[in-house]
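Here is a short briefing to read beside the structure. Keep the 3D view open and find each residue as it is named.

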Protein chains: 2
Amino acid sequence: MTEQDADPTQAPQRGARRGSSANRKGLVIVNTGDGKGKTTAALGVLFRSWGRGMNAEVFQFIKHTGSRFGESRAADKLDIPWSAMGDGFTWLSKDIDASADMARAQWDEASNAILAGERELIILDEFTYPLAYGWIDVNGVIDVLKQRPEMMHVIITGRNAPDELVEYADLVTEMREIKHPFNEQGIRAQPGIEF
Amino acid sequence: MTEQDADPTQAPQRGARRGSSANRKGLVIVNTGDGKGKTTAALGVLFRSWGRGMNAEVFQFIKHTGSRFGESRAADKLDIPWSAMGDGFTWLSKDIDASADMARAQWDEASNAILAGERELIILDEFTYPLAYGWIDVNGVIDVLKQRPEMMHVIITGRNAPDELVEYADLVTEMREIKHPFNEQGIRAQPGIEF
């Protein structure tokens with residue numbers, strides 16, 4: 001290991017200017033790839049930002065309206081605004097037009113929240129799917145992101161992030177599956193861990 | 001997209017047997033790779049597990065004892081047991097022997113907690129580093145993990161996860177950096193987002 005490996009995010013107490021206002025900027029963060037941890041890492045940022053008293057809101061796409069996962073239960077308990085609008089994963093959906101309409105309605109809500117400018121962090125969970133399917137125009141989304149307040153962070157999760165979004169984003173991570181118990185051992189998703 | 005793409009963790013309400021006790025098992029999860037999101041995804045699981053009322057504990061290695069990040073502030077507010085023992089990232093450390101001793105002392109605490117069997121989730125954050133440096137024997141760690149209660153989940157984060165650990169783990173994800181604002185734009189880590 002060399003000093004080059006040092007991750008500035010891991011030791012933020014070093015360096016007097018770190019985190020000073022001159023270096024602060026709202027980031028557009030994309031978590032993509034076929035592996036686990038895309039939504040989960042967004043939830044980790046939500047946890048961290050809540051620890052600092054930041055004002056955050058979560059918009060979930062695709063996932064069932066009214067679904068009760070560990071994360072939405074936690075958000076309820078912490079009074080973090082959270083909405084899910086969808087009918088489940090769309091390759092299982094019987095009515096693609098209805099799925100597309102729900103995604104567009106959710107984007108209306110989310111883009112209003114972005115433009116209202118009151119949040120410090122907005123998470124658009126599974127938002128890459130309606131973009132990848134062409135239900136929502138990625139260039140229109142980027143136009144909205146460009147109009148957000150300078151200090152607002154936006155996190156977008158999901159597979160197949162469109163190239164235009166990757167190009168525009170500040171921080172893009174690909175989660176790659178190395179080993180997965182559902183495939184290899186026939187083990188199912190564990191409550192509290194994966195949902 | 002085909003049904004093959006459906007991620008069982010994303011739509012757990014489908015399938016009557018999903019999450020039934022027959023399918024439950026404590027997982028050993030490793031988040032590794034050079035990209036962002038390893039610790040962050042572990043925090044996301046912590047958030048989710050807290051939403052389900054699970055009993056979790058976090059042990060941080062390497063990070064400065066007493067450091068106050070967004071995540072430790074959140075854990076304090078939620079009464080989640082959390083300890084950090086370290087003197088910062090070791091390639092910056094002046095006294096490697098002291099760093100190694102601190103890591104071993106922290107592993108003593110963590111392994112006691114694993115063997116005590118009272119937690120449903122234990123996070124060993126940045127634990128791959130003392131393993132990769134040879135300060136702690138990976139086979140001894142695996143022996144402890146094998147003795148944990150069947151339903152206990154353990155998450156280990158950090159770069160350069162040893163092969164033996166990857167081999168033993170149930171779920172391994174590599175976080176790959178696609179785009180990083182610290183490198184490309186000279187932007188520093190943002191409080192509440194990255195620490």
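Helices and strands here are DSSP runs, numbered from the N terminus; a helix has at least four residues and a strand at least two. With that numbering, B:Ile62 falls in the loop between β2 (56–61) and α2 (70–77) of chain B. The model is a predicted one.

**Chain A in outline**

- Chain A contains seven helices and six strands.
- Along the sequence, the elements of chain A run β-α-β-α-β-α-β-α-α-β-α-β-α.
- Chain A has 195 residues, and 60% of them count as buried.
- Take the contacts in chain A between residues at least 6 apart in sequence: 74% of these join residues at least 24 apart.

**Where the two α1 helices cross**

- Helix α1 of chain A covers residues 38–51. Its axis and that of α1(B) come within 6 Å.
- The two axes cross at roughly 80°. Angles from 65 to 115 degrees count as roughly perpendicular, so α1(A) and α1(B) are roughly perpendicular to each other.
- On the chain A side, the residues in this contact include A:Thr39, A:Leu43, A:Phe47 and A:Arg48. On the chain B side, they include B:Thr39, B:Leu43, B:Phe47 and B:Arg48.
- By class, the contact between α1(A) and α1(B) has 10 nonpolar, six polar and two charged residues.

**Where α2 of chain A meets α1 of chain B**

- The axes of α2(A) and α1(B) are 7 Å apart, and the helices pack at an angle of about 75°. That makes α2(A) roughly perpendicular to α1(B).
- From α2(A), the contact uses A:Gly70, A:Glu71, A:Arg73, A:Ala74, A:Ala75 and A:Lys77. From α1(B), it uses B:Phe47, B:Arg48, B:Trp50 and B:Gly51.
- By class, this contact of α2(A) with α1(B) has four nonpolar, two polar and four charged residues.
- A:Lys77 also lies over the face of B:Trp50, at 4.2 Å from the ring centre.

**Where α1 of chain A meets α2 of chain B**

- α1(A) packs against α2(B) at about 75°, with axes 7 Å apart. This makes α1(A) roughly perpendicular to α2(B).
- A:Phe47, A:Arg48, A:Trp50 and A:Gly51 come from α1(A). They meet B:Gly70, B:Glu71, B:Arg73, B:Ala74, B:Ala75 and B:Lys77 of α2(B).
- The contact of α1(A) with α2(B) has four nonpolar, two polar and four charged residues by class.
- The charged end of B:Lys77 sits over the ring of A:Trp50, 4.2 Å from its centre.

- A:Glu71 is in helix α2 (residues 70–77) of chain A.
- Is A:Glu71 buried or exposed? A:Glu71 has a relative accessible area of 2%, so this residue is buried.
- Setting aside neighbours within four places in sequence, A:Glu71 contacts A:Thr39, A:Leu43, A:Trp82 and A:Phe195 in chain A. A:Glu71 also contacts B:Phe47 and B:Arg48 in chain B.

**Aromatic rings**

- Over all chains, the count comes to 11 aromatic pairs.
- One of the pairs is A:Phe61 with A:Phe127, 4.6 Å centre to centre. The planes are 40° apart, and the pair is tilted.
- This pair links distant parts of the chain, 66 residues apart. A:Phe61 is in strand β2 (residues 56–61), while A:Phe127 is in the loop between β4 (121–125) and α4 (128–132).
- A:Phe61 and A:Phe127 are both buried.
- A:Phe61, A:Trp107 and A:Phe127 form one aromatic cluster.

**Two residues with positive phi**

- Most residues other than glycine have a negative phi.
- A:Glu126 is not a glycine, yet has a positive phi of about 65°. A:Glu126 is in the loop between β4 and α4 of chain A.
- Buried means under 20% relative accessible area. A:Glu126 is at 1%, so A:Glu126 counts as buried.
- B:Ile62, also not a glycine, has a positive phi of about 75°.
- What is the relative accessible area of B:Ile62? The value is 5%, so B:Ile62 is buried.

Notes. Residues numbered from 1 in each chain as written. Chains lettered and ligands numbered in written order. Predicted model: local features only at pLDDT ≥ 70, side-chain atom pairs only at ≥ 80, totals over all residues. Heavy atoms only, no water. Buried < 20%, exposed > 50% of the residue type's maximum accessible area, 1.4 Å probe, protein only. Contact = heavy atoms within 4.5 Å. Axes fitted to C-alpha atoms, helices over the stretch in contact; angles between N-to-C directions. Parallel < 35°, antiparallel > 145°, perpendicular 65-115°, else oblique. Nonpolar A, V, L, I, M, F, W, Y, C, P; charged D, E, K, R; others polar. Phe/Tyr/Trp six-rings, centres within 6.5 Å; stacked < 30°, edge-to-face > 60°. Lys NZ or Arg CZ within 6 Å of the ring centre and 35° of its normal.
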